[in-house]
Amino acid sequence: MSDNQRLLTIDGLFIEGYQDEQWRQVVKGVSLHLDRGQVLGLIGESGAGKSMIGLASMGYTKPGCRITSGSIEFDGVELVGADQETLRKLRGTRIAYVAQSAAASFNPAHKLIHQFAETAVQQGLMSYAEAEKKAKELFRRLDLPDPENFGNRYPHQVSGGQLQRCMVAMAMACNPDLIIFDEPTTALDVTTQIEVLGAIKEVIGAYGTAAIYITHDLAIVAQIADRIMVLRHGEEVETGDTRAVINSPKKDYTRALLAVRKHRGETVDHGHQDIILEVQNVTAAYGNKFVVLDGVSTKIERGKTVSVVGESGSGKSTLARVITGLLPPIGGEVRFQGQLIPPGMKGREKEVFRRMQMIYQMADTALNPKHRVRKIIGRPLSFYFGMTGKKREDRIIELLDKIELGEKYLDRFPGDLSGGEKQRICIARALAAEPELIICDEITSALDQLVAGGILKLLQNLQNELAVSYLFITHDLDTVKAISDEIVVMHRGKVVEQGPAQAILNPPYEPYTDLLLSSAPQMDPSWLPKVMQHRRELAAKGINLQT
Amino acid sequence: MRTAINLLKHVNWSARLGLAVIVINVACAFFAPWVAPYSETEVVGDVWEPVMWSAEAVPHNPPVILGTDQLGRDLFSRLMYGARNTIGLALVTTALAFGVGALLGFLAATMKGWVDMLLSRGVDILMAFPTLIFALVVLSVMGTSTTVLIVVIALIGATRVYRISRAVAMDIEVMEYVESARLRGEGLWWVMKDEILPNALSPLVAEFGLRFCFVFLFISALSFLGLGLQPPTADWGSMVRENAAAISFGILTPLIPAAAIALLTVGLNLVVDWFLHKASGIKDVP
């Protein structure tokens, strides 16, 4: 009965998107199939067309997109060209969708249980009471707190990870045959990500639901998928069983994706190690009320990289704001090269601004969209060093070469650049000031893995060449392992542990650091059950991350 | 220049029509002394002569195309001179309103605190007066010179421009590239001129078009009440007022300057609509 086992067959799918006043192909002839109870991982960089394929499996395209050819057959029903009524009956009941941002997908004005029951009741599949019973069962299975009453809360009353799990519950409400997961854990902290991932795996396994799991993270998909399809530029790179793809990838692109997670290259020892920045006992609060930094002390040596790690809300970005003067601390002091600097931006000398540069997470918003690259990089040159004319132009080109972009980028606007190129321009802008310290605030989290790898390598080379120090703020432990000399672990505004990278990353572990480290997904399909077990052991010792 | 031509290619037909109307009007305004058949004040014939293609038209050389006004002056020539005064005045006034309004709006958004509070409440007070009453009061106290007229209308316009530019600048001010400029140690002027202004330009230009129409109508309204430009200077608003009595005799002369006002307003709005659509970034999917 292999025919009946086949749930979804996509054959030669072409999707076009409308951009810059013309239709462009986004998905170029992708074919795939999915059996009942199977999980297929779709993986690729942004723009690979994986979300498009996910949505197309429901017979849907985003506005401004259209399916031009190919067929999508779901359990014997052809979805391409099907009328709205047919599609409406399938969506939400037989095919469900879990989006990346649960917060944006729930209606903040209704209780969770009402939103849970809506589809099922409306489609006449169950009564409200039955839906409620089902909800409680699912909430329990997904490890949500107080499953009996959880549904009575409003979306803002639960955490991001809980909301995401609730969305999974909602998708499971009508016992669908297929669920599309579109980057369901990408917006979550590493530690929360594990819980959601574990919950998803448990629940779809228990109900025998088939799933398409879309992500850009190979290590995540390794935990959950039976088969993996690697996509690039709207085309299939390779497909295979999870273990086969991970252990013996056939294509260079897949190998490159796997290799990104390898560790740092050579570092140069710059000899004399004077202290560039020293933060002493800093306490900071928003509105003088909510203390977000509590007695934090740390220091950075010349030519070294100090990573600050922690979950969101741990105060790591606030530390950067205090150092730059954006948020004057209410206690403690910041010393730059031994000199006490004013707490706020007012009264700081131009020289202090110059020596301390910052690079942001979102290169999109960190670059003025109306300035050309020439002006973006040239401004610090004329502002700090009074450079003009040919001298300035030559230096801009020199900097562009340093960040491996080159002269042809001079007249481009940020809108003409890719995410990785934008981040490189941000780096060049920081370098133009010839700083001693660069604060990097999650600079690789918005980038695809391959691109992020390139940026980290570039930073490493620049450090070797220029002996610049980095304060590297991140929640990504792979990045930390790849670049740090020293590590500061933060939790709820306090420093849990700090010291040389080797000491922090190797046993014996501080319990919280252990929890963080063990949360970083490994490229090993059997890793998730192990880490869940490890977590239960930690929890038994009273170490818990649930906030 | 090439980009300007490229841009024109993508302009839709309604905006092109509007653009044509504006170009013709501006050309008339510029070349009035050379192109107009008669001078602004010359009496050429009888009172309220009909248009030249009507059966009762009185022959003249050069022809009196649109008939004559209440003093027997050539209406067509006066329309051209009127374009000069009306559009010129509106342009100066709008530019002044934008200069002052946008500068203060940006200043309030970047400095925040008491500067913002002071400016915003001041603007609130000015806006509390109905515009026409406010203008009437000031003009009757200060006298109806062109300078006072410009300053008063610009002030009224500036309050509206202040509001919109402050709101737009507030949104831009929180962007990281502004923060990054501050962290570079940049001063207020750079932040306003180089970081905020270029990004606030599209909504402001769109607003400029609309505001221009309002100023233009406002001058007409004031002229209609006798507080605008003083005779014998021609402007479209006064021309409607001076000829208004003709309507009771079934003579259509006052409708001609009124039509000119309407045409330019519609033309300008067609262009502004197109620009707003462009600035909103809505994709046209065929």
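Chain B has ten helices and zero strands. This is a predicted model, so please keep that in mind throughout. Read from the N terminus, the elements of chain B go α-α-α-α-α-α-α-α-α-α. Along the principal axes, the C-alpha atoms of chain B fill a box of roughly 75 × 55 × 30 Å.

Now to one helix pair in that chain. Helix H6 of chain B covers residues 146-173, and helix H8 of chain B covers residues 188-224. How do their axes cross? The two axes come within 9 Å, and the crossing angle is roughly 155°. Angles over 145 degrees count as roughly antiparallel, so H6(B) is roughly antiparallel to H8(B). The crossing of H6(B) past H8(B) is right-handed.

Next, the interface with chain A. In this contact, 22 residues of chain B face 25 residues of chain A. The size of an interface is often quoted as the accessible area lost when the parts come together. Here the area buried between chain B and chain A is about 2,100 Å², and carbon and sulfur atoms give 56% of that. Which three residues supply more than any other three of the area that chain B buries against chain A? They are B:Glu176, B:Leu183 and B:Arg184, with 32% of that area.

On to charges. Side chains of opposite charge can pair when their charged atoms come close. Between chain B and chain A, the count is three salt bridges. B:Glu186 forms a salt bridge with A:Arg379, with the closest N and O atoms 2.6 Å apart. Over all chains, a search of the whole structure finds 46 salt bridges.

I will finish with a salt bridge inside chain A. A:Arg255 forms a salt bridge with A:Asp252, where the closest N and O atoms are 3.0 Å apart. Where do these two residues lie? Both A:Arg255 and A:Asp252 are in helix H11 of chain A, residues 252-259, and they sit three residues apart, about one turn of the helix.

That is what I had; questions are welcome.

Conventions: Residues numbered from 1 in each chain as written. Chains lettered and ligands numbered in written order. Predicted model: local features only at pLDDT ≥ 70, side-chain atom pairs only at ≥ 80, totals over all residues. Heavy atoms only, no water. Axes fitted to C-alpha atoms, helices over the stretch in contact; angles between N-to-C directions. Helix = DSSP H or I, 4+ residues; strand = E, 2+ residues; numbered from the N terminus. Parallel < 35°, antiparallel > 145°, perpendicular 65-115°, else oblique. Left-handed = near helix turned anticlockwise from the far one by under 90°. Contact = heavy atoms within 4.5 Å. Buried area = accessible area lost by both parts, 1.4 Å probe. Salt bridge = Lys/Arg side-chain N within 4 Å of Asp/Glu carboxyl O.
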